[in-house]
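Morning, everyone. Today I'd like to talk about charged side chains. Please look at the screen.

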Amino acid sequence: MLVHTIDEVREKIEEWKKQSLTVGLVPTMGALHDGHLSLIKKSVEKCDKTVVSVFVNPIQFCPGEDLDKYPRTLDADEKLCNDAGADIVFAPSPKEMYGEGHILSNDFLTYVIPPFFYTNKLCGKSRVGHFDGVCTVVNKLFNIVQPDFAFFGEKDRQQLIILKKMVKDLNIPVEIIPCPIVREESGLALSSRNKYLSDDDKIHALALSKILFNIKACYNKGITDVKALTETAYSYLNEHHSLEYLEFRDAQDLEEKKTADDNTIVFIALKIGDVRLIDNIALK
Ligand code: AMP
């Protein structure tokens with residue numbers, strides 16, 4: 001069932017809560033692929049009812065980013081959700097979420113601001129304000145849908161860690177369920193932004209997963225020095241890649257690691273032309 005308004009969602013949720021049914025929420029920005037579908041299927045398995053939100057959230061895009069050209073494929077998304085067993089596809093307009101004129105500056109909107117220690121690094125460094133927008137919209141979705149469980153991909157690991165922190169710090173009564181990264185056979189992590197890649201770009205994009213897999217293989221052989229592990233990446237990079245970061249950080253609080261251990265996540269972001277891609281791997 002496709003719904004566009006908060007009231008329609010609330011009506012259904014009320015009905016379900018009266019029947020003591022559990023509700024799962026899968027927040028997405030649409031252009032759904034098998035990565036999203038793995039989250040939806042997990043929710044359908046675990047919960048009595050599943051709500052998938054499809055909303056390209058303007059306040060998590062920075063100036064100059066791809067808000068206008070972000071792929072929007074609602075008809076196809078709705079079908080995929082229905083086939084996967086979702087009960088509601090919630091696709092609000094920006095106006096429905098943020099009001100008349102949807103003024104998006106934090107001079108006019110109450111924001112949920114995650115801690116600076118978590119947002120001043122990795123993607124937050126180049127995407128200033130991005131995680132404020134993410135936490136704000138996810139908090140709104142939690143209030144609208146009141147889910148028992150919410151499903152997020154490890155593909156966006158910094159986001160996942162920040163959202164867990166938000167839920168803990170604000171005592172939000174929802175359990176966050178992390179879901180593993182779904183990859184193409186080639187190793188490339190699925191992403192809606194892969195649609196921007198040409199065939200050649202897609203080959204260059206394999207550098208991300210190759211670097212991460214190789215670092216993990218080196219770690220498994222006993223190399224723990226982060227400097228030495230970082231150096232193994234350079235042979236995979238060429239003039240087609242603009243590396244934004246390759247960092248080793250703690251899985252819980254994103255503290256920097258000098259020596260890799262089983263609690264380490266390796267994070268990478270790089271650009272191929274204008275397309276910015278991210279990936280990560282847990283060393284455990
Ligand atoms: P997005 O539509 O990009 O905001 O993603 C919505 C949710 O799907 C987020 O929790 C993502 O982490 C998750 N997701 C996106 N790509 C993948 C993937 N390849 N594997 C697992 N989860 C993913």
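One term before we start: a residue is called buried when its relative accessible area is under 20%, and exposed when that area is over 50%; partly exposed is in between. Keep in mind that this is a predicted model.

So, is Arg127 buried or exposed? Its relative accessible area is 10%. The cut-off is under 20%, so Arg127 counts as buried. Its side chain forms a salt bridge with Glu65, at 2.7 Å from N to O. That pair links distant parts of the chain. Arg127 sits in the loop between α6 and α7, and Glu65 in the loop between β3 and α3. They are 62 residues apart. Glu65 is partly exposed, at 28%.

How many salt bridges are there in the whole structure? The search finds 14. Take Lys17 and Asp148, which meet at 3.9 Å. Lys17 is in helix α1 and Asp148 in the loop between α7 and β5, so this bridge ties together parts 131 residues apart in sequence. Both ends are partly exposed: Lys17 at 32%, Asp148 at 28%.

Next, Glu184 and Lys202, at 3.0 Å. Glu184 lies in the loop between β6 and α9, Lys202 in helix α9 itself, so the pair ties together parts 18 residues apart. There is also a network of salt bridges, linking Asp250, Lys257 and Asp261.

Last, back to helix α1. Glu14 is found there. Its relative accessible area is 51%, so Glu14 is exposed. Together with Asp7, Glu8 and Glu11, Glu14 forms a patch of negative charge on the surface.

Note on methods: Residues numbered from 1 in each chain as written. Predicted model: local features only at pLDDT ≥ 70, side-chain atom pairs only at ≥ 80, totals over all residues. Heavy atoms only, no water. Patch = residues over 30% accessible without salt bridge, like charges linked within 9 Å, V, L, I, M, F, W, Y side chains within 5 Å. Areas by Shrake-Rupley, 256 points an atom, 1.4 Å probe, with all protein chains shown as cover. Salt bridge = Lys/Arg side-chain N within 4 Å of Asp/Glu carboxyl O. Lys, Arg positive; Asp, Glu negative; His and termini not counted. Charge placed at Lys NZ, Arg CZ, Asp CG, Glu CD. Helix = DSSP H or I, 4+ residues; strand = E, 2+ residues; numbered from the N terminus. Buried < 20%, exposed > 50% of the residue type's maximum accessible area, 1.4 Å probe, protein only.
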